[in-house]
Amino acid sequence: MIAARAKFPWPPSGLSPNGSQGNFHGKARLASAYKARCWLLLREKGKAIRPLPEGAAVARVIVTYCPPPRVSRYDFDNMGKRMKQAFDALAEAIGVDDADWPVMVLQRGERCKAGAVIVEVEVAG
């Protein structure tokens, strides 16, 4: 059963662990800003993600990457690292540390205008 579904903006390329991204402080500011943006989306009125019920366990998390048209290629390893702040924001919102997510399914979705990452949290039972 899907307990939570979130649609995050495509993560900034500056969060990529590959290549030179400039100084550490610039990357840290970008990471902080992306997490804050994701957190606000999770708290948006009418779409707020609520904590899972007491004792509920995450069975799996399904991540669908829907790239913007300008992105020709991406690899799942790099995208996972770019999404760290969004996963952290979601973990805080549902009240289950992402270290306790036993299975993550990564899949490629259709391209969309601005790009998006759709994350669905399934619970056992």
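Visitor: In which sense do strand 2 and strand 4 pair over their eight bridges?
Guide: This is a predicted model, in which local features need pLDDT of at least 70 and side-chain atom pairs count only at pLDDT 80 or more, while totals for chains, interfaces and linings use all residues. Residues are numbered from 1 along each chain as its sequence is written, and side-chain values use heavy atoms, with hydrogens and water left out. Strands (E, at least two residues) and helices (H or I, at least four) are DSSP runs numbered from the N terminus, and two strands pair if DSSP finds at least two bridges between them. Strand 4 covers residues 116–123, V61 stands opposite V121 in that strand, and the sense of the pairing with strand 2 is antiparallel.

Visitor: Which residue in strand 3 is the bridge partner of V63?
Guide: Strand 3 (residues 104–108) pairs with strand 2 in the parallel sense, over five bridges. Within strand 3, the partner of V63 is L106.

Visitor: In what order do the four strands stand in the open sheet?
Guide: Strands of a sheet pair through backbone hydrogen bonds, either parallel or antiparallel. In this open sheet of four strands the pairing is mixed, and the order is 1-4-2-3.

Visitor: How many of the nine residues of strand 2 are buried?
Guide: Buried means under 20% relative accessible area, exposed means over 50%, and partly exposed lies in between (1.4 Å probe, protein chains only). Strand 2 (residues 58–66) is largely enclosed by the rest of the structure, because its buried residues number seven.

Visitor: How many disulfides does a search of the whole structure find?
Guide: A disulfide is a pair of cysteine sulfur atoms within 2.5 Å. The cysteine sulfur closest to that of C66 is in C112, 5.2 Å away and therefore too far for a bond. C66 is buried at 10% relative accessibility, whereas C112 is partly exposed at 25%. The number of disulfides found is zero.

Visitor: Which strand gives the largest share of the lining of the largest pocket?
Guide: On a 1 Å grid over the protein atoms alone, a pocket is an open set of points where a 1.4 Å probe fits, with protein on both sides within 12 Å along at least five of seven lines, and lining residues have an atom within 4 Å of a point. The largest pocket holds about 270 Å³, a volume being the space filled by probe spheres set on the points, which are joined across faces, edges and corners. Its lining has 13 residues, with A6, K7, F8, L41 and K47 nearest the centre. Five of the lining residues come from strand 1.

Visitor: Is W10 buried or exposed?
Guide: W10 sits in the loop between strand 1 and helix 1. Its relative accessibility is 7%, so W10 counts as buried.

Visitor: What distance separates the C-alpha atoms of Y74 and R108?
Guide: Y74 belongs to the loop between strand 2 and helix 2 (76–82), and at 15% relative accessibility Y74 counts as buried. Along the chain, Y74 and R108 are 34 residues apart, while their C-alpha atoms are separated by 9.9 Å.
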